[in-house]
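Subject: Structure for your files, with notes

Hello,

Please find the sequence and structure below. My notes on them follow.

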Amino acid sequence: MKKIIFFITNSVLLSVCSRVSSQNLILNDLEYFEKQGVNILVYSNLFTGGFNDEKDAGIELIHHGVRTAQGGAVRLSNTPEQWDLVPAIPSRVVNRELNTIESILRYEDYNFDSRVVVTAIGKGVEISVYLDKPLPKVLEGNAGFNLEFLPSQYWGKTYLMDGRINRFSRYVVGNTITRPNNEKLKQFKGYVTSDDRGTGRFIDPLPLETGRTILLAPEEPERFVKITSHDADLMLFDGRVLAQNGWYVIRSLLPAGKTGKVLTWTVEPNAIDGWTREPNIGFSQVGYLPSQQKISVIELDKKDKPLPKASIYKINEDGNATEVFSGNIVSWGDYYKYHYVKFDFTSVKNPGIYYIKYGDHKTNNFIIDDNVYDEITDATSDIWIPIHMNHMFVREAYRVWHGEPFKEGYLQAPPNTDHFDMHSQGPTTDTKYKGLELIPGLNVGGFFDAGDFDIETGANIGVVQNFVQTWEYFKPLRDQTFVDQKQRYVYLHRPDGTPDILQFIEHGTMQLLAQAEIIGHMAQTLSNSVLYNYHHLGDAASITDGLHYNPNLGPYEVAADGRSSGVKDDMWAFTSRNPSLDLRAATMFAAASRALKGYDDDLSARALQQSKRLLKEATELLANQPQDRSNRMFGAADVATNLQLYISTGEKQYADKFQELLWPALDRNVSGNILTALHGIPHMDTSFKEKLRPYVVKYKEYIAELEKDNPYGVPIGLGNWAGSGGVVNFGTTVCFASMYFPDIIAANHAFKATNWLFGCHPYHNYSLVATVGAARPKEVFYGNNRADFSFIPGNVAPGLLFRKPDHFENYDDWPFLWGENEATIGGNTSYLIFGSVFKNVVKK
């Protein structure tokens with residue numbers, strides 16, 4: 001058997017060695033270690049704390065263009081979950097003479113510091129952990145150095161631990177034990193991610209393998225990594241045993257009672273000799289109108305020499321392809337990691353099926369025709385939005401998307417409660433209800449926020465506004481959804497005689513009006529009270545047991561009358577008053593009252609009443625706040641509220657206030673406020689439009705600056721949430737600006753937004769809208785069905801996430817990074833209004 005293992009191991013390694021680069025790692029000007037095909041980042045991206053372990057920080061490996069490893073740090077568990085403690089990084093020192101990056105890692109909760117030094121040595125790096133003091137007793141057997149590898153890039157591939165061969169499994173398979181809860185280290189802010197079902201024990205995964213040297217994917221040159229530990233055993237874990245978003249973890253425990261250099265690893269990622277990243281040929285997967293500008297943006301490795309030309313091929317009715325156009329490649333320049341060139345094929349106008357060929361690379365097919373954009377919003381409006389209707393049973397043909405959630409309603413969040421989704425209940429409830437008292441009537445209407453099942457009030461406010469704007473501007477009569485509020489029942493693809501968007505406006509308004517009337521103001525959120533059902537994956541109706549928690553019952557006991565239980569799984573309403581949120585609600589209620597008039601007159605009248613009340617109260621509350629804070633709050637929300645109230649009531653006081661606030665807001669920020677101003681044009685006199693004209697000119701200058709900023713000519717977000725929302729807003733603004741000022745803003749700038757959304761962007765060329773761009777849309781999203789590595793049709797991904805200092809990414813084989821793959825109800829309904837106004841512009 002030993003001879004067989006030796007033969008297999010060496011034959012694999014000989015195969016790989018023929019494709020290994022002799023190039024050594026260097027410490028580059030961007031302060032990470034680099035050679036062609038390998039980037040090793042050392043705390044370029046930090047653990048942020050808010051959502052804790054987001055799987056995008058620590059020591060990271062970008063391997064032949066894909067970020068395949070992250071989380072390299074001293075950690076306190078075998079397979080860290082999202083809300084396990086993460087280290088602060090108070091210092092990071094780059095020493096070019098020694099070729100090192102050195103960082104302090106600190107756990108405040110345990111007064112524990114370690115020092116991690118990463119040194120480039122030959123083709124790899126040495127990672128060393130230093131301790132100035134011995135491990136605290138409580139961390140002995142818990143603190144270790146971890147490095148995590150992306151499961152989707154490794155499952156199905158082999159690994160060898162000290163020569164023993166095995167294979168990474170597609171689905172988690174491994175052994176666990178349980179240990180007493182008093183042995184489990186605290187999680188972030190004392191939250192608990194699991195329900196022990198009264199056992200008093202927690203799950204602890206066992207290693208899949210243990211040894212001193214591990215080879216990952218030796219048969220796959222692009223993913224082959226060798227790790228050797230010089231001081232302690234390496235252990236391989238599968239983090240998916242505790243959480244579906246877990247990664248493969250390689251870990252060594254830190255020794256007890258020692259100081260100085262206590263652990264050393266050598267990490268050697270393979271680099272393929274002469275490797276260059278394949279060109280990413282960006283184009284619209286949806287296709288193009290015959291008359292529109294058609295520009296492909298091609299993303300190239302900086303070591304790749306641009307070709308002089310690219311071609312367009314047309315697929316004929318006999319199935320053969322014919323070259324119909326050849327055009328010059330024009331260099332745009334470098335943008336972060338890559339070089340960008342452009343290929344203009346605007347002259348190709350005949351309807352048909354085409355593809356782009358650049359050198360030996362060709363794209364999948366796309367269509368040129370007059371109707372390519374006709375259905376770009378249908379999946380969002382017909383499927384994604386109704387699936388996210390809370391407090392309803394939702395069916396699609398044979399499938400039940402979810403039962404009716406939260407029939408038991410919502411309890412008042414207790415005072416002084418911090419929430420894991422970044423909300424908090426202040427020192428009082430700001431309501432007539434006591435902590436944990438039922439607030440009757442809140443379990444009605446509203447939309448799930450995103451990949452989870454809470455109602456984010458701010459998001460729902462924006463959602464209703466998006467629906468109303470879509471209705472008022474374009475009156476879409478599309479009816480593909482059966483909605484019955486009395487039955488609390490939704491059936492997809494079944495018309496009921498009422499425009500869907502009116503029913504969506506009604507559904508959102510019902511929830512928000514319930515908050516205003518019952519609580520007296522807007523809640524921050526209606527959300528989970530315990531973390532272990534916040535990360536729930538499955539039917540929303542099964543998040544809670546449908547019974548209120550009764551402290552007089554034992555754990556998991558059900559009362560004799562069947563109306564309460566000892567299960568702490570209730571949903572809570574966080575009700576601390578925020579006058580700026582009330583102001584936004586006033587805007588929304590004013591708009592909703594117009595849309596609902598003639599459809600549901602009672603709801604319409606109540607909405608208008610609450611709009612006026614909340615505007616008055618919020619304005620008074622904000623006026624009494626410190627001057628610097630109140631000045632910030634009297635911004636776009638107050639401007640928009642007065643506009644909406646003027647449109648609804650015709651009262652001059654609101655028009656005057658709208659203009660009083662608008663012009664200073666535009667002076668401060670044109671791009672952020674111009675859309676609100678444009679919405680005022682149909683309702684103001686002609687002098688208003690003329691006064692707005694110079695600000696539109698400034699917006700044109702902003703568009704021109706974007707062309708210089710990046711090769712795509714759109715606002716690209718560089719934060720922890722990718723930037724599709726900014727691109728959608730840009731496209732919406734351009735469309736409305738071109739409607740009112742066609743002599744200043746050209747409508748064709750809007751195609752930059754659709755091109756980006758549908759495939760012309762960095763990293764890959766997949767459409768960021770699920771099922772839209774049928775040849776190659778993204779296949780996985782962070783929705784509430786993410787555990788199935790699937791999507792909900794019409795989902796719009798946040799898109800291209802920027803990782804410092806120079807890397808964009810969007811995983812399409814791993815859905816669990818919300819910053820790049822999670823759609824929100826606010827984002828998707830913003831896409832709905834963009835798609836609607838865009839189609840209107842296209843028709844004209």
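His 493 is partly exposed, with a relative accessible area of 41%. On the scale used here, buried means under 20% relative accessible area, exposed over 50%, and partly exposed in between, with a 1.4 Å probe and protein chains only. The residue sits in the loop between β37 (489-492) and α4 (500-519); helices (H or I, at least four residues) and strands (E, at least two) are DSSP runs, numbered from the N terminus. Apart from neighbours within four places in sequence, His 493 is in contact with Ile 383, Glu 396 and Gln 480, where contact means heavy atoms within 4.5 Å.

Before the rest, the ground rules. This is a predicted model, in which local features need pLDDT of at least 70 and side-chain atom pairs count only at pLDDT 80 or more, while totals for chains, interfaces and linings use all residues. Residues are numbered from 1 along each chain as its sequence is written, and side-chain values use heavy atoms, with hydrogens and water left out.

Helix packing

Two packed helices are described by the angle between their axes and the distance between the axes. Axes are lines fitted to C-alpha atoms, for helices over the stretch in contact, and angles run from 0 to 180 degrees between N-to-C directions.

The axes of α2 (residues 378-387) and α16 (residues 825-843) come within 10 Å and cross at roughly 165°. That makes α2 roughly antiparallel to α16; angles under 35 degrees count as roughly parallel, over 145 as roughly antiparallel, 65 to 115 as roughly perpendicular and the rest as oblique. The crossing of α2 and α16 is left-handed, meaning that the near helix is turned anticlockwise from the far one by less than a right angle (clockwise would be right-handed). On the α2 side the contact is made by Thr 380, Ser 381, Trp 384 and Ile 385, and on the α16 side by Ile 825, Asn 828, Thr 829, Tyr 831 and Leu 832. By class, the contact of α2 with α16 has five nonpolar, four polar and no charged residues. Here Ala, Val, Leu, Ile, Met, Phe, Trp, Tyr, Cys and Pro count as nonpolar, Asp, Glu, Lys and Arg as charged, and the others, Gly among them, as polar.

For α6 (residues 579-596) and α7 (residues 601-623), the axes come within 7 Å and cross at roughly 155°. α6 and α7 are therefore roughly antiparallel to each other, and their crossing is left-handed. Their contact divides into 15 nonpolar, six polar and two charged residues.

α3 and α4 pack at about 145°, with their axes 9 Å apart, and this crossing is left-handed. Residues of α3 in the contact include Phe 467 and Trp 471, and those of α4 include Phe 504 and Leu 512. The contact of α3 with α4 has 10 nonpolar, six polar and no charged residues.

Helix α11 (residues 670-680) has nine of its 11 residues buried, so it is largely enclosed by the rest of the structure.

Aromatic pairs

Rings of Phe, Tyr and Trp (its six-membered ring) pair if their centres lie within 6.5 Å; planes under 30 degrees apart count as stacked, over 60 as edge-to-face and the rest as tilted. By this rule the count comes to 52 aromatic pairs. One of them, Phe 447 with Phe 467, is tilted, at 5.8 Å centre to centre and 55° between the planes. Phe 447 lies in the loop between β34 (438-439) and β35 (455-456) and Phe 467 in helix α3 (residues 457-474), so the pair ties together parts that are 20 residues apart in sequence. Both Phe 447 and Phe 467 are buried.

Phe 789 and Phe 816 form an edge-to-face pair, 5.5 Å centre to centre with 85° between the planes. Phe 816 is buried, with a relative accessible area of 3%.

Backbone

The peptide bond from Lys 804 to Pro 805 is cis, with omega near 0°. Ala 217, in the loop between β16 (213-216) and β17 (225-229), has a positive phi near 50° and is buried at 0% relative accessibility. Leu 436 also has a positive phi, about 70°, but is partly exposed at 43%.

Regards
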